[in-house]
Structures are given as structure tokens and as C-alpha cells.
Amino acid sequence: MSVAPHSANASDGARRRLVLASASPRRLALLAQIGIAPDAVIPSDIDETTLRDEPPRVHAGRLAREKAQAVAAAEPDAFVLAADTVVACGRRILPKTLDRAEADRCLRLLSGRTHRVYTGLCLAGDGRFSCRVVTTKVGIKRLSETEIAAYLDSGEWDGKAGGYAIQGLAAAFVREISGSYSSVVGLPLYETAQLLTGRGYRVLSPHL
């Protein structure tokens with residue numbers, strides 16, 4: 001999938017291509033929020049299985065780097081941006097829920113508790129990998145049976161890490177958040193901008 005590049009990122013008559021190594025429409029929309037349109041979207045194809053005794057934070061960072069490496073191998077002349085978001089309750093990594101029963105278990109586990117969301121971020125280019133892991137604490141109110149049933153009926157949980165989407169209906173369940181909101185959605189924008197500008201990629205248009 002290709003999208004129009006951000007023309008403001010020209011430098012000395014040439015601009016490094018930016019490839020987003022993710023199929024997530026949320027990450028694409030978040031990049032657009034800070035004025036970035038990747039030249040291409042190339043989802044990585046890696047094994048995302050958690051390693052034995054691998055902590056959630058380490059897991060998120062490892063997958064982000066492996067995604068960047070996989071796509072960078074085919075795009076050696078581009079910047080490749082990759083990310084992976086993990087929802088964890090203690091050391092337990094919650095799944096990207098694929099059925100109602102799984103989503104129900106996640107919601108009940110998160111109900112009335114504070115959990116952590118880790119987003120690993122990696123920017124590859126010129127054989128170098130600049131990586132970060134951003135941690136955000138999210139407090140969920142105690143959910144009633146009616147609230148759980150209504151959310152499950154909405155289908156919004158489908159494919160979402162931890163069984164909820166903070167940018168959607170589940171926003172009504174969030175009593176507090178400490179850290180990066182955009183990271184919970186799928187891409188920490190501050191850290192993304194810092195990585196890109198640190199490697200010479202202009203994030204905002206000079207006209208702003």
C-alpha cells in the first residue's frame with residue numbers, strides 16, 4: 001500500500017523515503033496528526049510469539065526492532081518505522097482479542113485495576129536502529145455486567161490488544177491515565193517525532 005509523501009520533508013533537493021512497517025490504520029492516522037504521510041506502508045511478517053519468561057516491556061521492544069529489521073532488509077535506502085503495542089496486567093501479556101469470550105476475560109481482568117501499556121518503537125536507516133519503549137499506566141473503573149455486555153456487543157474489541165480501544169467507546173471506562181495517550185492508541189507521537197528529527201527527517205512543515 002502506498003500513500004502520498006509529505007512534500008515538506010525535502011532536504012537539499014532529496015528526501016529519504018519513509019516506510020511504515022505496520023498495517024495498523026491507527027498508526028497511519030496518528031502519523032498524519034503530526035503532518036507525516038509515509039511513502040509506503042509495508043507490514044512486517046514476523047513471529048510475534050512471546051519468548052519464555054519474556055517481560056512485557058522487553059517483548060514490545062523486541063518485536064518493534066524485529067519488525068523494523070524485517071522491512072529494512074527490503075528497503076535499505078529508506079527510513080523504516082516500526083512499532084508494537086502490548087497491554088499487560090502485571091507480567092501477563094494480554095492478547096489481541098479475536099473472539100467475544102477472550103475479550104470478556106480481558107475486560108474482567110482489567111476492571112477496577114490499573115494496568116500498563118508498552119509501545120516499542122524502532123526507526124531503522126543506514127544500518128542503524130534507534131529504539132525506545134514507552135510505558136503508560138491506564139486505570140479502568142470497575143465495570144458493571146451491563147457495561148461489559150454492551151461493550152462486547154459493540155464489537156470494538158475485535159483485534160485490539162487487551163480487548164479495548166481507548167480512542168473509542170472504552171474511553172468512558174478510563175478513570176486515569178499516566179503517560180502517553182497516543183502510545184496507548186498505538187504510536188507515541190512525541191517519541192516518534194524525536195526519533196525522526198534526530199535522524200534528520202523533518203516532521204512539521206516549515207510553514208507551520
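This is a predicted model: local features need pLDDT of at least 70, side-chain atom pairs count only at pLDDT 80 or more; totals for chains, interfaces and linings use all residues.
Modeller: Residues are numbered from 1 along each chain as its sequence is written, and side-chain values use heavy atoms, with hydrogens and water left out.

Biologist: Why is Ser22 called buried?

Modeller: Buried means under 20% relative accessible area, exposed over 50% and partly exposed in between, with a 1.4 Å probe and protein chains only; Ser22 has 5% relative accessibility and therefore counts as buried. Ser22 is placed in the loop between strand E1 (18-20) and helix H1 (25-33), where helices (H or I, at least four residues) and strands (E, at least two) are DSSP runs numbered from the N terminus.

Biologist: What is Ser22 in contact with, leaving aside its neighbours within four places in sequence?

Modeller: With contact meaning heavy atoms within 4.5 Å, Ser22 is in contact with Arg27, Val41, Ile42 and Pro43.

Biologist: How do you know that the buried residues of H1 are on the same side?

Modeller: The buried residues of H1 are Arg27, Leu30 and Leu31. They cover an arc of only 100° around the axis, which puts them on the same side of H1, the arc being that of the directions from the helix axis to the C-beta atoms. These buried residues pack against E1, strand E3 (79-89), helix H5 (181-185) and helix H6 (189-198), whereas the exposed residues Pro25 and Gln33 are carried by the face turned away from the buried side.

Biologist: What makes the pair of Phe79 and Tyr201 edge-to-face?

Modeller: The structure holds two aromatic pairs. In the pair of Phe79 and Tyr201, the ring centres are 6.3 Å apart and the planes are at 80°, so the pair is edge-to-face, given that rings of Phe, Tyr and Trp (its six-membered ring) pair if their centres lie within 6.5 Å, with planes under 30 degrees apart counted as stacked, over 60 as edge-to-face and the rest as tilted. Phe79 lies in strand E3 and Tyr201 in the segment after H6, so the pair ties together parts that are 122 residues apart in sequence.

Biologist: Why is the pair of Tyr151 and Phe173 called edge-to-face?

Modeller: The rings of Tyr151 and Phe173 have centres 5.6 Å apart and planes at 65°, so this pair is edge-to-face. Tyr151 is buried, with a relative accessible area of 2%, and Phe173, at 9% relative accessibility, counts as buried.
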